[in-house]
Amino acid sequence: MKRSISMATSGEVDKYSQALATLSRENDRLISILLSSEARHEEKASSAAQLEETTNKYMNLSDCYIDYLKRKNTLDSQRELISHQLIRSVNMHKTETAMNYSLSKLEPPEPTQAFTQTGEQMKKVTTTKLTDVQMKQELKKEPNVSNSVRSQSSSNSRRSGRSNASCTI
């Protein structure tokens, strides 16, 4: 009997893992378009929108997977949870860095200084655009996994307004 329960659990883990890996590969493909010097502005803008959508799907499914692993509460599920949270943290660091970079490149080239009005005063805010070299260096950096793994699930869900209502693979 225990063997069949273990097999069922393994099947669910495989389904989640495969679905998450597929979404992660799609994110990587979209990131490569955003970082491509050959891609047109329209293609990059479309990829940025698709990346946001795919990332939301990834995070929703990831939240469901984390809930599933917590409910199982076995030694194997605890290990898988830690492993998944590390992978998720790396994927989100890479995606957020690419999105921030693409936003800096997709915004109109001028002006590089923005002005915001606070009451009767004018406050000058300068924006710093990342170069291609800076972007590639940022993508190579390791995220601060210890802090982001602990708080990422709850903070990301609150930030994007996602819910865990639908957990279908």
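pLDDT is the predictor's confidence in each residue, from 0 to 100, and a contact means heavy atoms within 4.5 Å. This is a predicted model, in which local features need pLDDT of at least 70 and side-chain atom pairs count only at pLDDT 80 or more, while totals for chains, interfaces and linings use all residues. Residues are numbered from 1 along each chain as its sequence is written, and side-chain values use heavy atoms, with hydrogens and water left out.

View 1. Let's begin with the parts to treat with care. Over the chain, the mean pLDDT is 75, and 60% of residues reach 70 or more.

**View 2. Helices α2 and α5, the two ends of the confidence range.** Helix α2 (residues 41–72) has the highest confidence, at a mean of 95, whereas helix α5 (residues 145–160) has the lowest, at 42. Helices (H or I, at least four residues) and strands (E, at least two) are DSSP runs, numbered from the N terminus. There are five helices and two strands in the chain, in the order α-α-α-β-β-α-α along the sequence.

**View 3. The largest nonpolar core, with 15 residues.** Such a core is a set of buried Ala, Val, Leu, Ile, Met, Phe, Trp, Tyr and Cys residues joined through side-chain atoms within 4.5 Å; buried means under 20% relative accessible area, exposed over 50% and partly exposed in between (1.4 Å probe, protein chains only). Among the residues with the most contacts inside this core are Tyr 16, Tyr 58 and Leu 69. Helices α1 (2–35), α2 and α3 (75–106) each supply at least two of its residues, and the largest share, eight residues, comes from α2. Leu 69 touches Val 13, Ser 77, Glu 80 and Leu 81, leaving aside residues up to four places away in sequence.

**View 4. A second, separate core of eight residues.** Look here for Leu 30, Ala 98, Met 99 and Leu 106, which are included in this core. Of the 169 residues of the chain, 31% count as buried.

**View 5. Asn 73, in the loop between α2 and α3.** The phi of Asn 73 is near 50 degrees, a positive value in a residue other than glycine. Most residues other than glycine have a negative phi. Is Asn 73 buried or exposed? Asn 73 counts as exposed because its relative accessibility is 56%.
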